[in-house]
Structure formats: structure tokens, C-alpha cells
Amino acid sequence: MKTLTVISALFISMFTLSAQDSQKAKTLLNEVSAKVQSYDNIVLDFKYSLENTAENIRQDTRGDASLLGDKYVLNLMGTTQMFDGKKIYTIIPEDEEINISTYVEEDDNDITPSKMMTFYKEGYTYKWDITQNVKGRQIQYIKLTPIDSDADVKSILLGIDKQTKNIYNLIQTQDNGTKITITVNSFKVNQPLSQTLFTFDESKYSNYYINRLD
């Protein structure tokens with residue numbers, strides 16, 4: 001009887017700690033999300049790394065993004081992707097090609113710049129993970145796991161600067177062993193952005209092939 005009591009108490013303690021752990025993680029994520037949404041705009045520069053040890057693949061590059069509400073302009077790997085709130089424009093200078101499609105939120109499972117701090121609210125469980133000291137900064141990691149067991153993403157680690165409540169990095173591990181790491185190098189807010197930054201001007205691309213996908 002004493003053994004059963006001890007085991008019961010242990011399981012109750014484990015479930016209680018798990019619930020507290022999850023709530024602590026959710027509270028921090030909500031704080032970061034609220035802070036991000038309080039800015040007029042965000043301009044960031046980041047390092048993008050893709051690694052698959054089994055396939056001997058390693059790729060590092062830099063990118064930048066400007067965000068205004070749901071709108072964004074993302075420059076990465078020689079390609080520009082723009083979202084004006086309704087349509088997504090993918091501009092590929094190397095091929096002189098532009099793909100244009102209507103954004104459908106229900107069909108979008110990717111973590112786009114505009115969803116960086118809201119994606120966790122649906123489809124994931126989360127828990128408190130490790131804390132790391134990165135050049136004097138205390139980075140708290142939250143581990144997010146997709147509820148859908150068939151998802152291509154195995155897990156996501158979101159690193160948050162405990163002092164500033166800004167995102168430091170995001171580490172996404174996929175089922176095929178590929179790991180994608182996005183590390184924020186500079187994070188600026190409330191910048192004097194051009195009024196036309198998030199407006200696609202077709203006249204600038206007269207020599208491009210424009211592929212309207214819908």
C-alpha cells in the first residue's frame with residue numbers, strides 16, 4: 001500500500017510539474033508575442049544555416065527582413081519574397097521570373113516572418129527547455145513539438161533573450177534529419193520605412209516572366 005501511495009504521488013507530481021512547465025513556457029511566449037506586436041515595424045538581419053549530417057550538407061548564408069503588421073519583405077539566397085497582405089510575390093532575379101499567388105492562411109503551414117511569434121498558438125505543444133549563456137546574454141529555449149505526428153517538422157527550439165524578450169534564434173529539426181537555424185544578428189524597431197516598400201510595382205520588372213499561380 002505504501003509503495004502504491006508513493007508511485008501515485010510520483011505520477012501526480014510529474015503531471016503537475018509538466019503542466020507548470022508548459023504554462024511557464026506559454027507565458028514567456030505570450031510576453032514575447034505581445035512585445036513584437038507592439039512595434040510599428042521590425043527590421044532584422046539574420047544568419048540562415050541548413051545542415052544535414054547524413055547527407056553531408058552544410059549551407060550558411062545571410063538574409064534580412066522588414067515587417068509591418070502581417071506585411072513583409074524577405075531577402076534570402078538571392079530571392080525576394082514580398083507579402084502585401086493579400087498576395088505573395090516571389091522575385092527570382094537569376095531566372096528573371098516572378099511567381100504571384102493569393103495568400104490562403106488555412107493552407108500555410110510555413111513559419112513566415114509575419115507568423116514568427118504567432119505560429120506556436122495552434123498545432124504545437126511547448127515546454128521549458130535549457131538556458132544558455134551566449135556572450136553574456138541569457139538565452140531561454142522553449143521547445144515546440146507539432147501535435148500532428150505526421151508533420152515534416154520534428155521539433156522547434158525557440159531561443160529568447162530573457163532580458164530583452166526578443167528572439168535570438170530558431171532551430172527547426174525535420175524528420176529527415178535536416179536542421180535549419182535562423183540566428184538574429186540585428187533587431188531594429190520603429191524604423192522610417194518607405195511607404196511603397198510592401199507594394200509590388202510590376203513596371204520595375206518589364207523583362208521578367210510573371211507567373212500568376214491563381
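**Exercise 1. Determine how many salt bridges the model contains.**

Solution. Apply the criterion: a side-chain nitrogen of Lys or Arg within 4 Å of a carboxyl oxygen of Asp or Glu. The count under this rule is five salt bridges. The model is predicted, so local features need pLDDT of at least 70 and side-chain atom pairs count only at pLDDT 80 or more, whereas totals for chains, interfaces and linings use all residues. Residues are numbered from 1 along each chain as its sequence is written, and side-chain values use heavy atoms, with hydrogens and water left out.

**Exercise 2. Identify which residues are linked with Arg58 in a network of salt bridges.**

Solution. The network joins Glu51, Arg58 and Asp60. Within the pair Arg58 and Asp60, the closest N and O atoms are 3.2 Å apart. Asp60 has a relative accessible area of 42% and is partly exposed (buried is under 20%, exposed over 50%, partly exposed in between; 1.4 Å probe, protein chains only).

**Exercise 3. Characterise the salt bridge between Arg137 and Asp161.**

Solution. First, the N to O distance is 2.9 Å. Next, Arg137 belongs to strand β8 (residues 137-146) and Asp161 to strand β9 (residues 153-161), so the pair links distant parts of the chain, 24 residues apart; strands are DSSP runs of E, at least two residues, numbered from the N terminus. Finally, Asp161 is buried at 5% relative accessible area, while Arg137 is partly exposed at 33%.

**Exercise 4. State what the salt bridge of Glu202 and Arg212 ties together.**

Solution. The closest N and O atoms of Glu202 and Arg212 are 2.9 Å apart. Glu202 lies in the loop between β11 (179-189) and β12 (209-212), and Arg212 in strand β12, so parts ten residues apart in sequence are tied together. Glu202 is partly exposed, with a relative accessible area of 38%.

Definitions and conventions: Helix = DSSP H or I, 4+ residues; strand = E, 2+ residues; numbered from the N terminus.
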